[in-house]
Amino acid sequence: MSWIRWLYPSRLLPGITRAASRRVGRWARKRQGDDGPVTKLQPRRIYILPTGVGIVFALMTLAMLLGSMNYNNNLSFVLTFMLIGVGFVAMHQCQRNLVGLEVSFAGIEPVFAGQSAQFRIAVANRSKSPRHRIRLYIGDVQSDVQDLEPGESKIFVLPVRTERRGWVTLERFGIRTLFPFELFRSWAWLHMYPKGIVYPHPAEHAPPPPATQTALGHRQHDARGEEDFAGLRRFHSGDSPRNVAWKAYARSEQLLTKQFSGADMSSQWFDFDAVVSSDLEERLSVLTRWIVDADRTLEDYGLRLPGRSFPPAHGDAHRRRCLEALALFGLEQADG
Amino acid sequence: MARARGTDGSLLASLPWTLLALAFALLPHVTYLPVWITAALLACAVWRYSIEVRRKPVPPTLLRAGLALSAFLGVLFTYNTVSGVGPGSALLAIMAALKLLETRQRRDQFVLLFIAIFLVMSSLLREQYLWSLPYLVAAVVLIMTAWLRTSADDAEPVRRSVATSSRLVMYAAPLALAMWIFFPRIATPFWAVPIDTGTAITGLSDTISPGDISALSKSDAVAFRVTFDDKVPEPKDRYWRGLVLHRFDGRAWSGLSEPMVSSGALRSIKTSGEPVHYEVTMEATRQHWVFALDIPFHWDLESTFLGPQHQLARVQPIDQRIAYEAVSYPDYRIETDIDPRRLQWNLELPEGRNPRTAQLAREMRAAAASDRDFIRSVLSKFNQEEYHYTLEPPPLGSNPVDRFLFETRRGFCEHYASAFAVMMRAAGIPARIVLGYQGGELNPMADYMIVRQADAHAWTEVWLPGAGWRRVDPTAAVAPERVDAGRTGAMFDGSGAAWGLGTPSMLLHNIVLAWDAANAKWNEWILGYGPENQERFMNWLGMDDPDWRQMLLTLVALVTGITMLISFLLILRYRPPPKDRAAILYGEFVRKSGLQPQTGESPRVFAVRVQRDGALPAAVVQSITDTYLDVRYGPPDPALLQRLESNVAAL
């Protein structure tokens with residue numbers, strides 16, 4: 001049907017090209033060294049090869065050249081040489097489309113093991129002319145294709161599959177372009193090794209958290225009554241909008257959350273030792289599940305790990321601290 | 001079919017351009033292709049585009065296969081062959097139409113664009129006019145624009161795609177020129193060039209019957225162009241000999257169907273007087289005959305020989321424009337001492353045809369004292385009796401010579417030549433008809449002679465003992481101005497209206513001549529840039545005796561040099577923008593402060609730090625920062641820049 005796809009050697013011989021690409025990539029790393037947080041693409045690190053379409057184009061111009069010679073037809077010589085010239089120009093244009101771009105790591109959101117980590121890479125065009133059809137890739141995974149106007153900087157997202165908790169590192173990734181005519185593919189390899197954190201996978205079938213020891217010393221009744229207004233406190237992110245004191249906000253422009261005496265003000269401790277399991281990963285997984293659930297229900301919770309503990313609180317920062325601790329528990333903490 | 005056939009409108013931004021490129025590539029073919037092919041491609045284009053607009057599935061495989069088969073059979077049926085430029089371009093058009101119907105991905109359009117390129121190339125094989133060059137450049141720009149659109153962002157404005165592809169083609173132009181000049185040309189083709197019989201070429205044919213030449217005389221197409229080395233022959237000597245006809249069936253004259261080589265032909269020519277040296281650039285005729293001034297004696301065209309009737313012919317048909325140098329002697333005698341028995345076939349007349357003419361000829365011969373006397377009396381009959389020279393003679397019946405001589409008395413050169421030759425033969429004088437061109441117009445713009453199809457002419461040769469074959473042009477007896485003035489036959493029609501000599505038509509004629517001069521140069525230097533011209537050009541460049549290795553080396557060196565230049569242009573294109581004045585001034589302020597702004601530190605925060613540092617006066621620091629921010633983010637105001645300048649200078 002679409003036989004043109006077979007013109008792309010990467011589809012024709014995926015295994016061979018992948019292995020070759022890895023090998024050349026290793027060589028490139030040895031040659032150019034590891035990259036800093038902001039890397040400007042110098043011409044000497046940009047590689048270029050014809051694509052399948054480019055090879056067909058070359059064969060076509062060769063056939064046209066033979067035809068022109070046979071017919072001694074000077075106008076078809078003109079046509080042939082113009083196309084050969086366009087091929088030459090396309091090669092240089094393709095390489096120059098990458099030269100001088102600035103690549104930097106623009107952060108990553110933590111993910112749970114099994115999700116894909118979305119590495120955000122910023123590419124800045126600090127030149128007078130637009131850059132076209134830029135794409136980032138790692139292995140067979142590709143980002144969107146984007147154009148960069150002069151002075152513009154755009155974010156490219158590279159998803160990386162995660163399997164285990166801890167750090168996820170973006171290995172060698174590439175930036176490539178097929179612009180202008182897809183006759184050539186030019187690319188550069190980057191070795192920045194940006195890292196992202198991977199939380200443990202929240203256990204699917206976790207036992208309920210152990211009976212609550214309230215920090216306040218007394219256990220309120222279980223009914224989630226929200227009838228008795230008890231006062232206002234500062235808004236924490238995660239508070240239900242239903243409980244926000246909108247009238248007070250209109251007056252003072254300060255977000256306050258209504259508190260009710262009937263509300264469950266309990267705070268729980270999630271204790272590493274309280275999880276009944278012999279497997280470390282499973283324990284961490286269960287703890288993760290508890291934290292995620294507790295965070296969702298706006299409960300205060302604390303986390304106690306061997307050697308570390310986080311007193312009950314809630315909010316994004318607390319959640320992050322706890323989950324990070326779980327993610328890196330027992331691993332060598334390179335960056336703390 | 002397992003494969004999905006659906007479309008999602010993703011081709012909407014690129015497909016119109018691909019279609020436009022295809023249409024433009026097809027344009028020169030339209031007049032040659034059968035109408036159904038153009039219609040089919042057009043229909044497929046509309047069909048496919050509406051599929052994309054309505055996001056419908058493309059037609060099923062079986063339907064497409066059926067269409068492909070019937071289209072292929074259609075081409076086969078139309079042309080009876082699939083090789084040659086005509087059927088080749090028809091097949092390309094069909095392929096484009098069918099590929100269009102299965103195109104679903106952007107990349108599939110590359111195939112369509114490849115076909116467009118081949119269509120452009122095949123149109124160049126068919127015809128190469130002066131405007132073909134701008135056409136092909138435009139086609140390349142259009143095709144490359146479409147190529148760019150296949151991968152461009154949907155939101156990219158069209159103007160930008162056109163600008164990009166034009167820029168890249170412009171960069172490619174000097175490379176193409178260098179390659180064009182220095183790529184070594186070879187003389188002989190690798191394999192036989194298929195002759196396209198589909199296209200009609202105006203010109204003389206192998207036979208002649210009444211009306212053939214008068215049809216030609218309306219064509220101002222160029223037959224050949226001649227450059228004379230020194231003197232230009234007199235108008236009365238401008239007889240361009242082509243083929244000789246000796247068989248007469250009562251209506252039409254024919255000659256040898258295939259050219260024959262006669263080893264004795266050249267030896268039988270006795271020349272006297274000054275030779276004429278000239279070079280002919282002859283348009284393709286698809287025939288073997290090579291035209292030369294009567295009578296050719298030397299020529300430098302390969303495998304070209306003089307035939308038994310002194311007609312010059314090349315073994316291979318002239319299917320491309322050719323150039324040759326030749327030497328002719330206007331003053332000549334041929335076959336003066338041939339055995340008259342060998343001339344028997346120049347006396348044959350079909351039994352029972354044109355009886356009145358034969359009767360008249362015998363009577364006139366009997367009345368004349370000699371053969372020469374008889375010839376003179378026949379010519380004076382044409383001259384003095386009521387005979388007219390006209391482009392539109394009345395139709396003649398089954399005895400055309402009788403009817404012409406005794407009834408209509410109106411005719412063109414072929415009528416007079418035919419009637420004259422028949423009369424000669426009837427009277428026992430060997431006679432034959434020579435076809436060629438007579439006359440030619442000198443182009444004052446570029447010093448060469450144009451011989452057009454309108455100059456096509458037929459005259460006779462009679463053999464007289466002792467004198468050999470002598471040229472007799474009966475048309476000259478009727479319309480001497482046809483021969484003497486050296487003007488084109490088309491200028492004289494039955495009504496006698498000649499070209500007006502008023503200013504507008506003179507101007508028009510000069511424009512025509514200037515255009516022809518441009519075409520002649522174009523043919524000589526662009527289309528005729530073969531091994532000889534290339535060597536001449538290399539010599540002019542200072543390369544003595546260049547061989548293909550030297551040329552290829554020069555080519556590589558030039559291409560490398562030009563590529564470096566292009567690379568440099570691209571570096572300039574992608575250089576960072578120059579800093580503006582405000583940024584330079586602020587940079588100077590930063591330098592003078594002795595501090596370094598941190599990443600992400602705004603000018604205001606930095607100003608606070610500088611003020612705390614205390615090295616610079618706080619008020620000036622504040623003023624500089626405020627002015628800088630105003631210049632940066634406020635409306636343009638030269639006064640602000642002025643203030644910034646003086647503030648920084650004051651530090």
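How many helices and strands make up the secondary structure of chain A?

## Chain A at a glance

Chain A has seven helices and 17 strands. Keep in mind as you read that this is a predicted model. The chain has 336 residues, and 36% of them count as buried.

## Two domains in chain A

Chain A is divided into domain 1, residues 3-199, and domain 2, residues 229-328. Where they touch, domain 1 of chain A gives six residues and domain 2 of chain A gives seven residues. On the domain 1 side, strand E12(A) supplies the largest share, three residues. By type, that side of domain 1 divides into four nonpolar, one polar and one charged residue.

A:Ile197 lies in strand E12 of chain A, which covers residues 195-199. Is A:Ile197 buried or exposed? A:Ile197 has 20 C-beta neighbours inside 10 Å, so it counts as buried. Setting aside neighbours within four places in sequence, A:Ile197 is in contact with A:Pro110, A:Trp167, A:Glu324 and A:Ala327.

The buried residues in H3(A) include A:Gly52, A:Phe57, A:Met64 and A:Ser68. After this helix comes A:Asn72, with a positive phi near 50°.

Helix H6 of chain A runs over residues 280-296. Its 17 residues reach 24 Å from first C-alpha to last, close to the 24 Å expected at 1.5 Å a residue. Among its buried residues are A:Arg283, A:Leu287, A:Trp290 and A:Ala294. H6(A) is followed by A:Leu298, whose phi is also positive, near 65°.

## Where chain A touches chain B

Which helices of chain A give two or more residues to the side that touches chain B? The contact as a whole takes 42 residues from chain A and 54 residues from chain B. On the chain A side, the elements giving two or more residues are helix H3 (52-71) and helix H4 (74-96). The largest share, 18 residues, comes from H4(A). Sorted by type, the residues on this side of chain A are 24 nonpolar, twelve polar and six charged.

## A sheet in chain B

Now turn to chain B, where six strands form an open sheet in the order E8-E11-E6-E2-E17-E16, with antiparallel pairing. Why do strands E8 and E16 each have one side without a neighbour in the sheet? Strand E8 (296-299) and strand E16 (441-443) of chain B stand at the edges with a single partner strand each, so one side of each is left without a neighbour. From one strand to the next, the twist averages 35°.

Strands of a sheet pair through backbone hydrogen bonds, either parallel or antiparallel. For an example in chain B, follow strand E6 (residues 276-282) and strand E11 (residues 322-328), which pair in the antiparallel sense over seven bridges. Here B:Glu279 stands opposite B:Glu325 in E11(B).

Terms used:
Residues numbered from 1 in each chain as written. Chains lettered and ligands numbered in written order. Predicted model: local features only at pLDDT ≥ 70, side-chain atom pairs only at ≥ 80, totals over all residues. Helix = DSSP H or I, 4+ residues; strand = E, 2+ residues; numbered from the N terminus. Buried ≥ 20, exposed ≤ 12 C-beta atoms within 10 Å, placed from the backbone. Contact = placed C-beta atoms within 7 Å. Pairing = 2+ DSSP bridges. Axes fitted to C-alpha atoms, helices over the stretch in contact; angles between N-to-C directions. Nonpolar A, V, L, I, M, F, W, Y, C, P; charged D, E, K, R; others polar. Domains from an automatic or database assignment. Expected span 1.5 Å × (residues − 1).
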